[in-house]
Amino acid sequence: MEITPHNTQEEKLLMLGGMFENIIHQFKQPLNAINAEATGLKFQKEVGMMDDETFITSLDNIINRTIYLSDTIDDFRDFLKEDKIKVIFKIAQNIRQIESIIEPLLKAKGIIIYKNFSNNDLECYGFGREFSQVIINILNNAKDAILTSGVDEKVIKIDVSEENNNIKIEIYDNAGGIPEDIMPRIFNPHFTTKEETGGTGIGLTMSKNIIEEHFKGSLLAKNTQFELNQNSYYGACFTIIIPKNI
Ligand SMILES: Nc1ncnc2c1ncn2[C@@H]1O[C@H](COP(=O)(O)OP(=O)(O)O)[C@@H](O)[C@H]1O
Ligand SMILES: [Mg+2]
């Protein structure tokens, strides 16, 4: 039996919603810069101070920023395309590609992601973008939790390792953890503690479905202490276990 990609239209829209903040962040600064550059050019022309060199440099700045914006749109669009076929993909490479999408916003919020990949060549088989979406969901949740917690130092740690014939991906944050009373419900459809900020409660449900149904794996959550650069932190840890492509 051939399995089709999991995303319904509704889920894709929700996914786009989840990335909206990232998209806005990556667009705002270059747009402001283009605006400033064009305003400057106009002013210089008006007061008769325009020399050829300034003119060319300014236009180059504008051109380069539009190229960047256009590339950024392509990156985001790629992530929202539907997976057509299952492929063998490298876990490390997949996670690194996600970073170009979400790291700029995390950085701007002062959150640092530490990666620890035991083997860059670990491969698995399935819909690569669905896998990316799971990681994006978990990272976005970590970001939300860290920002609400108000911790000073903001860290996320991603460990990828092998265990028997499985790949284990652990994503830790230092936001203080998931309250024990809601822990049993976080994977339920529409369960959210972010009503006020537009949470949908669908991210973890969707992620668990993808991992279990399409990767024949498991997605678990726990609270734990973890070590990073000789420091000790406490927060949620999401563990994905999926069979290795062997
Ligand atoms: N890293 C985390 N730390 C603390 N709580 C979390 C974390 N990840 C998820 N949660 C809790 O699980 C709930 C469900 O998450 P999710 O399904 O992604 O929906 P949403 O993010 O829209 O609320 C969140 O509202 C939050 O209460
Ligand atoms: Mg979420």
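This is a predicted model: local features need pLDDT of at least 70, side-chain atom pairs count only at pLDDT 80 or more; totals for chains, interfaces and linings use all residues.
**Notebook: helix pair and domain contact**

I started with the helix pair: α4 passes α5 in a left-handed crossing (left-handed if the near helix is turned anticlockwise from the far one by less than a right angle, right-handed if clockwise). Helices here are DSSP runs (H or I, at least four residues), numbered from the N terminus. Residues are numbered from 1 along each chain as its sequence is written, and chains are lettered from A and ligands numbered from 1 in the order in which they are written.

Next I looked up the geometry. α4 (residues 128–149) and α5 (residues 203–214) pack at about 145°, axes 9 Å apart; the axes are lines fitted to C-alpha atoms over the stretch in contact, and angles run from 0 to 180 degrees between N-to-C directions.

Then I checked who meets whom. From α4 I get E130, V134, N137, I138 and N141, and they meet α5 residues including L204, M206, I210 and H214 (contact: C-beta atoms, placed from the backbone, within 7 Å). I count 6 nonpolar, 5 polar and 1 charged in this contact; Asp, Glu, Lys and Arg are charged, Ala, Val, Leu, Ile, Met, Phe, Trp, Tyr, Cys and Pro nonpolar, and the others, Gly among them, polar.

Last, the domains. I have domain 1 at 17–79 and domain 2 at 86–243, with bounds from an automatic or database domain assignment. Their C-alpha centres are 33 Å apart. I find 8 residues of domain 1 in contact with 12 of domain 2. On the domain 1 side, α1 gives the most, with 5 residues.

How values were computed: Two residues are in contact if their C-beta atoms, placed from the backbone, lie within 7 Å. Helices (H or I, at least four residues) and strands (E, at least two) are DSSP runs, numbered from the N terminus.
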